[in-house]
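Subject: Structure handover

Hello,

Please find the structure below.

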Amino acid sequence: AQTAITATYGATRSVVFLVTEDLTCDSVMTFESNVTIRCQGGLMDANQVASAVTFRGPVECADNTVQLFTDYASNSFVFAANERAVRIVRPELWGAKPLNSSSNATTNAAAFAAAIGGLGNTGRVLVADGTYFLDAGLTFPADFFTFSGMQVDRSILKFTHVNGNAITVKGREVTIEDMTIDADTARQTGGGTGHGIAFDASLTSGTQGHGRLLSLVVQNQPQDGINTIEPELCYYESVTSNANGRYGLNMTNVSTIPWNCVVVNSRTISNVNQGVLCTQCHYMNFVGHQSYSNGGTAQMTFDGGRNNNCYNCDVENIPDALDIGANNIGMVLGGQGHQIYGGHVSSLVTGISFVGCDRCEVHMPFCINASFGSPGGFNMDACVKADANSEENDVDVAATYTGVTAPWSANAASLWNEVCIGNRCSPPNTVFASLGTPANGTVAYCSDCGIANPCAGAGTGAVAKRLNGVWVCN
């Protein structure tokens with residue numbers, strides 16, 4: 001067929017129609033960019049793995065559900081990069097079918113894998129409407145790859161294998177969008193291993209970079225909904241990670257610092273462990289994020305790292321069928337320079353907990369002691385609480401609601417914290433031995449100073465002011 005087409009048409013644009021006949025390719029074939037393959041019922045069989053068929057031009061089917069290929073080997077049918085090639089393939093070309101049962105799970109898994117392999121280095125796999133059962137995970141090995149559905153409630157992948165990830169990303173610049181990643185009951189309850197979507201730096205040629213998740217639901221997975229090892233410059237928007245067996249979103253480091261990712265208008269809900277865990281992350285930005293009804297020790301945690309930010313985030317500890325536990329904190333901040341702006345927090349115990357956090361800032365309009373703005377009886381011990389290793393933090397909470405025992409609570413060894421609750425602001429707190437020599441005009445509350453000019457220790461507390469190079473206490 002290749003020889004005949006080339007001899008007849010040369011470089012002229014031409015169309016090959018596959019109507020009802022089946023085409024068996026017994027040798028390596030290449031359809032050049034001037035040739036369009038238009039399928040209307042016939043099938044193509046590569047016959048053997050070594051007999052690859054390469055398409056440099058478009059492949060078009062009148063019906064998106066039509067099967068064209070019968071060979072599932074990932075290198076049997078290849079869509080090569082070319083300026084005139086259609087770089088979008090559908091798993092249906094290999095026989096994938098959306099069924100309301102797992103009867104086609106093996107064929108679907110093979111068809112999806114063949115579609116991914118057929119794209120080579122770049123391109124888009126487009127998933128049509130329906131629920132597709134798959135009995136094996138998918139791996140995205142290439143850079144600049146896009147895996148798209150039609151919409152979160154229209155394109156649903158339901159994985160049935162107990163162990164292993166649903167999707168493993170090895171490449172950079174990978175986008176997954178507009179679908180639901182789900183699990184059947186056996187995978188959900190089988191006690192197996194595996195995440196919903198796993199970006200793994202150890203599987204790539206460097207740090208996993210520029211990954212994008214857009215308009216997704218990831219749910220019911222054995223471990224994390226989304227697991228990213230050493231992400232950099234990633235972007236997640238309108239993503240819900242729900243009812244997974246461990247974390248909703250887990251960003252962690254091994255040897256390289258995760259940094260500079262953006263999470264926008266997303267949710268982590270009812271996961272067995274924390275909603276969000278960032279370990280040694282730098283410059284992560286959460287905008288409009290909601291994290292609620294998760295288990296573990298907190299709804300969100302920044303464990304170490306520096307300069308991570310939450311803007312208008314809502315952190316809710318809402319009891320539901322999940323056993324949250326009495327020690328679940330709204331948000332835990334450890335590290336340096338984290339900033340919380342806007343949003344609100346509620347919890348069963350503490351709203352925001354500074355654990356070895358230095359120079360962190362909290363500027364929130366509300367510290368709410370119940371779910372979704374309704375004052376109630378959660379009995380928070382503090383809106384914001386600092387341990388002994390947290391210093392030089394800036395806290396500004398505009399209002400608190402009924403049931404908050406103390407808007408601000410700090411260990412006596414936690415120094416130089418500046419706190420404003422409502423219209424009342426307190427100067428930074430310190431002790432005589434830590435006054436130091438800051439600039440003139442510095443004001444602090446010194447818990448062990450006595451009233452004196454200059455200041456002296458061994459007192460019961462005084463306001464210390466730095467004037468003309470001397471501390472004055474009164």
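A disulfide here is a pair of cysteine sulfur atoms within 2.5 Å. By that criterion the structure, which is a predicted model, holds five disulfides.

One of them links C234 and C261, with the sulfur atoms 2.1 Å apart. C234 sits in the loop between β19 (226-229) and β20 (235-242), and C261 in the loop between β21 (249-252) and β22 (262-264), so the bond ties together parts 27 residues apart in sequence. Both C234 and C261 are buried. The S-S torsion of this pair is about 125°, so the disulfide is right-handed.

Another is formed by C420 and C425, at 2.0 Å between sulfurs. C420 counts as buried at 13% relative accessibility, whereas C425, at 52%, counts as exposed.

C446 and C449 are also joined, S to S 2.0 Å. The torsion is about 70°, which makes this disulfide right-handed. C446 is buried at 0% relative accessibility, and C449 is buried with a relative accessible area of 0%. C281, in contrast, is in no disulfide; its nearest cysteine sulfur, in C278, is 3.8 Å away. For C310, the closest cysteine sulfur belongs to C313 and lies 3.6 Å away, too far for a bond.

As for the chain overall, the secondary structure comes to three helices and 44 strands. Of the 474 residues, 51% are buried.

On the surface, L233, I257, W259 and Y283 form a nonpolar patch with about 340 Å² of accessible area together. Y283 lies in the loop between β24 (276-279) and β25 (285-287) and is partly exposed, at 41% relative accessibility.

Regards

Definitions and conventions. Residues numbered from 1 in each chain as written. Predicted model: local features only at pLDDT ≥ 70, side-chain atom pairs only at ≥ 80, totals over all residues. Heavy atoms only, no water. Patch = residues over 30% accessible without salt bridge, like charges linked within 9 Å, V, L, I, M, F, W, Y side chains within 5 Å. Areas by Shrake-Rupley, 256 points an atom, 1.4 Å probe, with all protein chains shown as cover. Salt bridge = Lys/Arg side-chain N within 4 Å of Asp/Glu carboxyl O. Helix = DSSP H or I, 4+ residues; strand = E, 2+ residues; numbered from the N terminus. Buried < 20%, exposed > 50% of the residue type's maximum accessible area, 1.4 Å probe, protein only.
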